[in-house]
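Biologist: I would like to learn how to read a structure feature by feature. Where do we begin?

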Amino acid sequence: MQCRIPPRNLITAPQSRIIYRSFCKFVEYALKEPQYYDFLTKNGFVLNPKLRDYKDIRKMVMNFLYTRMIRLLPDMMALVRDVEAKLHWEDYYWIGIQVRSGHMKGDEGQNVFLDAEDINLFMEYAVNQTKKAMERKMKPVKWYVAGDSEDVRMKIKTAYPQYYANCECSISHSFQYVFTDSRTEGMTCTILENYLLTDTNETVVTAASTYGLMATYRNLHMKKIMVYRGDWEKHQVTAGK
(Lines give C-alpha, C1' and ligand atoms only; values in the text may rest on other atoms or scores of the structure.)
Protein backbone atom coordinates (compact mmCIF):
# COMPACT_ATOMS: atom_id res chain seq x y z
CA MET A 1 0.00 0.00 0.00
CA GLN A 2 1.32 3.44 -0.97
CA CYS A 3 1.96 5.63 2.07
CA ARG A 4 1.34 9.37 1.78
CA ILE A 5 4.14 9.96 4.30
CA PRO A 6 6.96 7.36 4.33
CA PRO A 7 7.23 5.73 7.79
CA ARG A 8 10.94 6.62 8.09
CA ASN A 9 10.01 10.31 7.80
CA LEU A 10 7.74 9.99 10.81
CA ILE A 11 10.33 8.24 12.94
CA THR A 12 12.96 10.89 12.20
CA ALA A 13 10.57 13.85 12.53
CA PRO A 14 11.63 16.53 15.07
CA GLN A 15 8.17 16.72 16.70
CA SER A 16 7.74 14.87 20.01
CA ARG A 17 4.06 14.04 19.35
CA ILE A 18 2.50 13.20 16.01
CA ILE A 19 -1.10 12.23 15.23
CA TYR A 20 -1.01 9.97 12.18
CA ARG A 21 -4.17 8.46 10.65
CA SER A 22 -3.43 6.06 7.86
CA PHE A 23 -3.90 2.52 6.59
CA CYS A 24 -0.11 2.29 6.16
CA LYS A 25 1.48 -0.48 8.20
CA PHE A 26 3.63 1.91 10.22
CA VAL A 27 4.08 -0.38 13.23
CA GLU A 28 5.12 -3.28 11.03
CA TYR A 29 7.72 -1.10 9.34
CA ALA A 30 9.23 0.07 12.63
CA LEU A 31 9.35 -3.42 14.13
CA LYS A 32 10.98 -5.05 11.12
CA GLU A 33 13.53 -2.32 10.44
CA PRO A 34 16.94 -3.54 11.81
CA GLN A 35 18.04 -0.06 12.82
CA TYR A 36 15.37 0.07 15.56
CA TYR A 37 16.10 -3.35 17.05
CA ASP A 38 18.52 -2.08 19.68
CA PHE A 39 15.96 0.51 20.81
CA LEU A 40 13.26 -2.17 21.11
CA THR A 41 15.59 -4.47 23.03
CA LYS A 42 16.76 -1.72 25.40
CA ASN A 43 13.18 -0.77 26.24
CA GLY A 44 11.98 -4.30 26.99
CA PHE A 45 9.94 -5.05 23.87
CA VAL A 46 12.03 -8.07 22.85
CA LEU A 47 11.20 -11.12 24.97
CA ASN A 48 13.93 -13.33 23.51
CA PRO A 49 16.87 -11.47 21.87
CA LYS A 50 18.12 -14.71 20.30
CA LEU A 51 14.86 -15.41 18.49
CA ARG A 52 13.89 -11.85 17.61
CA ASP A 53 10.36 -13.13 17.06
CA TYR A 54 8.37 -10.48 15.22
CA LYS A 55 5.02 -11.61 16.62
CA ASP A 56 6.29 -11.43 20.21
CA ILE A 57 7.79 -7.98 19.65
CA ARG A 58 4.56 -6.76 18.05
CA LYS A 59 2.54 -8.10 20.97
CA MET A 60 4.70 -6.23 23.47
CA VAL A 61 4.59 -2.97 21.51
CA MET A 62 0.83 -3.12 21.00
CA ASN A 63 0.30 -3.90 24.68
CA PHE A 64 2.34 -0.80 25.53
CA LEU A 65 0.32 1.35 23.13
CA TYR A 66 -3.07 0.10 24.35
CA THR A 67 -2.33 0.10 28.09
CA ARG A 68 0.21 2.90 28.60
CA MET A 69 -0.43 5.34 25.77
CA ILE A 70 -4.21 4.91 25.51
CA ARG A 71 -5.95 4.88 28.89
CA LEU A 72 -9.60 4.77 29.80
CA LEU A 73 -11.12 7.69 31.69
CA PRO A 74 -12.06 6.81 35.31
CA ASP A 75 -15.82 7.17 34.74
CA MET A 76 -15.65 4.81 31.75
CA MET A 77 -13.67 2.25 33.74
CA ALA A 78 -16.29 2.55 36.48
CA LEU A 79 -18.93 1.74 33.83
CA VAL A 80 -17.00 -1.38 32.81
CA ARG A 81 -16.85 -2.54 36.43
CA ASP A 82 -20.56 -1.78 36.90
CA VAL A 83 -21.52 -3.96 33.93
CA GLU A 84 -19.24 -6.74 35.16
CA ALA A 85 -20.92 -6.61 38.56
CA LYS A 86 -24.35 -6.92 36.94
CA LEU A 87 -23.15 -9.91 34.93
CA HIS A 88 -21.59 -11.52 38.05
CA TRP A 89 -18.28 -11.56 36.20
CA GLU A 90 -16.24 -13.19 38.94
CA ASP A 91 -18.59 -16.18 39.11
CA TYR A 92 -17.85 -17.39 35.58
CA TYR A 93 -15.10 -18.42 33.19
CA TRP A 94 -15.56 -16.05 30.28
CA ILE A 95 -15.03 -16.73 26.58
CA GLY A 96 -15.18 -13.55 24.52
CA ILE A 97 -16.65 -13.79 21.04
CA GLN A 98 -16.06 -10.79 18.77
CA VAL A 99 -17.78 -10.97 15.38
CA ARG A 100 -17.03 -8.19 12.92
CA SER A 101 -19.54 -8.89 10.16
CA GLY A 102 -18.88 -5.64 8.31
CA HIS A 103 -22.60 -4.84 8.21
CA MET A 104 -22.85 -1.57 10.08
CA LYS A 105 -23.06 2.11 9.16
CA GLY A 106 -19.67 3.10 7.77
CA ASP A 107 -19.04 -0.28 6.13
CA GLU A 108 -20.92 0.43 2.90
CA GLY A 109 -19.27 -1.29 -0.04
CA GLN A 110 -16.90 -3.30 2.14
CA ASN A 111 -16.86 -7.03 2.76
CA VAL A 112 -13.36 -7.81 3.96
CA PHE A 113 -14.05 -9.27 7.38
CA LEU A 114 -16.12 -12.46 7.15
CA ASP A 115 -18.40 -14.54 4.97
CA ALA A 116 -21.86 -15.10 6.41
CA GLU A 117 -21.15 -18.78 7.03
CA ASP A 118 -18.05 -18.00 9.10
CA ILE A 119 -20.33 -17.20 12.04
CA ASN A 120 -20.76 -20.94 12.47
CA LEU A 121 -17.05 -21.32 13.15
CA PHE A 122 -17.14 -18.82 16.02
CA MET A 123 -19.79 -20.95 17.69
CA GLU A 124 -17.97 -24.20 16.99
CA TYR A 125 -14.73 -22.86 18.45
CA ALA A 126 -16.56 -21.47 21.47
CA VAL A 127 -18.25 -24.82 22.11
CA ASN A 128 -14.90 -26.63 21.91
CA GLN A 129 -13.26 -24.18 24.30
CA THR A 130 -16.22 -24.45 26.65
CA LYS A 131 -15.84 -28.22 26.81
CA LYS A 132 -12.13 -27.85 27.59
CA ALA A 133 -12.85 -25.37 30.37
CA MET A 134 -15.47 -27.67 31.87
CA GLU A 135 -13.08 -30.62 31.71
CA ARG A 136 -10.60 -28.59 33.74
CA LYS A 137 -13.39 -28.10 36.28
CA MET A 138 -13.26 -24.36 35.91
CA LYS A 139 -16.08 -22.05 36.95
CA PRO A 140 -19.34 -22.23 34.97
CA VAL A 141 -18.77 -20.90 31.46
CA LYS A 142 -20.33 -17.81 29.88
CA TRP A 143 -19.75 -16.25 26.48
CA TYR A 144 -19.53 -12.50 26.21
CA VAL A 145 -20.74 -11.89 22.65
CA ALA A 146 -19.69 -8.59 21.07
CA GLY A 147 -20.29 -7.58 17.49
CA ASP A 148 -21.53 -5.09 14.97
CA SER A 149 -24.68 -6.99 13.97
CA GLU A 150 -27.79 -7.55 16.06
CA ASP A 151 -28.75 -10.43 13.77
CA VAL A 152 -25.47 -12.21 14.45
CA ARG A 153 -25.78 -11.76 18.21
CA MET A 154 -29.32 -13.09 18.12
CA LYS A 155 -28.20 -16.10 16.09
CA ILE A 156 -25.67 -17.00 18.77
CA LYS A 157 -28.11 -16.25 21.58
CA THR A 158 -30.79 -18.46 20.00
CA ALA A 159 -28.36 -21.34 19.46
CA TYR A 160 -26.68 -21.15 22.88
CA PRO A 161 -28.87 -19.18 25.32
CA GLN A 162 -27.25 -20.93 28.30
CA TYR A 163 -23.89 -19.31 27.52
CA TYR A 164 -24.86 -16.00 25.93
CA ALA A 165 -24.24 -12.68 27.68
CA ASN A 166 -24.10 -9.09 26.46
CA CYS A 167 -24.55 -5.62 27.96
CA GLU A 168 -27.39 -4.96 25.49
CA CYS A 169 -26.14 -1.79 23.83
CA SER A 170 -25.38 -0.92 20.20
CA ILE A 171 -21.88 -0.02 19.05
CA SER A 172 -20.95 2.60 16.44
CA HIS A 173 -18.13 2.84 13.93
CA SER A 174 -15.38 5.23 15.00
CA PHE A 175 -15.36 6.79 11.51
CA GLN A 176 -18.64 8.49 12.42
CA TYR A 177 -17.17 10.40 15.35
CA VAL A 178 -13.45 10.71 14.66
CA PHE A 179 -13.64 14.50 14.40
CA THR A 180 -15.83 15.19 17.43
CA ASP A 181 -15.17 15.33 21.15
CA SER A 182 -18.77 14.63 22.13
CA ARG A 183 -19.56 11.37 23.88
CA THR A 184 -22.27 9.34 22.16
CA GLU A 185 -24.15 6.23 23.27
CA GLY A 186 -22.76 4.27 20.34
CA MET A 187 -19.12 5.08 21.04
CA THR A 188 -19.62 4.56 24.79
CA CYS A 189 -20.91 1.07 23.98
CA THR A 190 -18.02 0.47 21.55
CA ILE A 191 -15.41 1.28 24.21
CA LEU A 192 -17.30 -0.58 26.94
CA GLU A 193 -17.51 -3.81 24.97
CA ASN A 194 -13.86 -3.62 23.97
CA TYR A 195 -12.72 -3.48 27.60
CA LEU A 196 -15.14 -6.23 28.58
CA LEU A 197 -13.53 -8.41 25.91
CA THR A 198 -10.14 -7.65 27.43
CA ASP A 199 -11.37 -8.96 30.77
CA THR A 200 -12.49 -12.34 29.39
CA ASN A 201 -10.34 -15.42 29.96
CA GLU A 202 -9.96 -16.26 26.29
CA THR A 203 -11.37 -15.04 22.99
CA VAL A 204 -12.52 -15.99 19.52
CA VAL A 205 -12.05 -12.87 17.39
CA THR A 206 -12.31 -11.67 13.81
CA ALA A 207 -8.77 -11.74 12.40
CA ALA A 208 -9.25 -8.72 10.12
CA SER A 209 -10.69 -6.56 12.89
CA THR A 210 -8.35 -4.21 14.75
CA TYR A 211 -11.16 -3.77 17.29
CA GLY A 212 -10.96 -7.37 18.47
CA LEU A 213 -7.18 -7.48 18.35
CA MET A 214 -6.97 -4.28 20.40
CA ALA A 215 -8.94 -6.00 23.17
CA THR A 216 -6.62 -9.02 23.18
CA TYR A 217 -3.38 -7.02 23.05
CA ARG A 218 -4.20 -5.36 26.39
CA ASN A 219 -3.82 -8.76 28.03
CA LEU A 220 -0.43 -10.33 27.33
CA HIS A 221 -1.65 -13.72 28.54
CA MET A 222 -4.88 -13.74 26.55
CA LYS A 223 -5.54 -16.96 24.66
CA LYS A 224 -7.15 -16.16 21.32
CA ILE A 225 -8.44 -17.95 18.25
CA MET A 226 -8.67 -15.85 15.11
CA VAL A 227 -11.26 -16.43 12.40
CA TYR A 228 -10.41 -15.32 8.87
CA ARG A 229 -12.81 -14.71 6.04
CA GLY A 230 -13.64 -17.99 4.33
CA ASP A 231 -12.47 -20.16 7.23
CA TRP A 232 -15.81 -21.97 7.53
CA GLU A 233 -15.60 -23.22 3.94
CA LYS A 234 -12.01 -24.35 4.48
CA HIS A 235 -13.05 -26.02 7.74
CA GLN A 236 -15.82 -27.93 5.96
CA VAL A 237 -13.41 -29.18 3.30
CA THR A 238 -10.91 -30.30 5.93
CA ALA A 239 -13.68 -32.07 7.85
CA GLY A 240 -14.79 -33.81 4.64
CA LYS A 241 -18.29 -32.35 4.73
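Biologist: Which residues line the largest cavity?

Modeller: Rolling a probe the size of a water molecule over the atoms shows where empty space is left. On a 1 Å grid over the protein atoms alone, a cavity is a set of points where a 1.4 Å probe fits but cannot get out; a pocket is an open set with protein on both sides within 12 Å along at least five of seven lines; lining residues have an atom within 4 Å of a point. Here the largest cavity is lined by Val46, Leu47, Asn48, Leu51, Asp53, Asp56 and Ile57. Its volume is about 30 Å³, where volume means the space filled by probe spheres set on grid points joined across faces, edges and corners.

Biologist: What should I keep in mind about the model and its numbering?

Modeller: This is a predicted model, in which local features need pLDDT of at least 70 and side-chain atom pairs count only at pLDDT 80 or more, while totals for chains, interfaces and linings use all residues. Residues are numbered from 1 along each chain as its sequence is written, and side-chain values use heavy atoms, with hydrogens and water left out.

Biologist: How many lining residues of the largest cavity fall in each class?

Modeller: Four are nonpolar, one is polar and two are charged. Ala, Val, Leu, Ile, Met, Phe, Trp, Tyr, Cys and Pro count as nonpolar, Asp, Glu, Lys and Arg as charged, and the others, Gly among them, as polar.

Biologist: And which residues line the second largest pocket?

Modeller: Glu28, Tyr54, Lys55, Asp56, Arg58, Lys59, Tyr217, Lys224, Met226 and Tyr228. The pocket holds about 210 Å³ of space. Six of its lining residues are charged, four nonpolar and none polar. Helix 4 brings the largest share, five residues. Helices (H or I, at least four residues) and strands (E, at least two) are DSSP runs, numbered from the N terminus.

Biologist: Tyr217 lines that pocket. How do I read its ring pairing?

Modeller: A pair of aromatic rings is described by the distance of the centres and the angle of the planes. Rings of Phe, Tyr and Trp (its six-membered ring) pair if their centres lie within 6.5 Å; planes under 30 degrees apart count as stacked, over 60 as edge-to-face and the rest as tilted. The whole structure has eight aromatic pairs. Tyrosine 66 and tyrosine 217 form a tilted one, at 6.5 Å centre to centre and 35° between the planes. Tyrosine 66 sits in helix 4 (residues 54-69) and tyrosine 217 in helix 9 (residues 210-217), so the pair ties together parts 151 residues apart in sequence.

Biologist: Is helix 9 largely enclosed or open, and why?

Modeller: Largely enclosed by the rest of the structure, because six of its eight residues are buried. Buried means under 20% relative accessible area, exposed over 50%, partly exposed in between (1.4 Å probe, protein chains only). Tyrosine 217 is at 11%. The cover over the buried residues includes helix 4, strand 1, helix 8 (185-198), strand 4 (202-206) and strand 5. Contact means heavy atoms within 4.5 Å.
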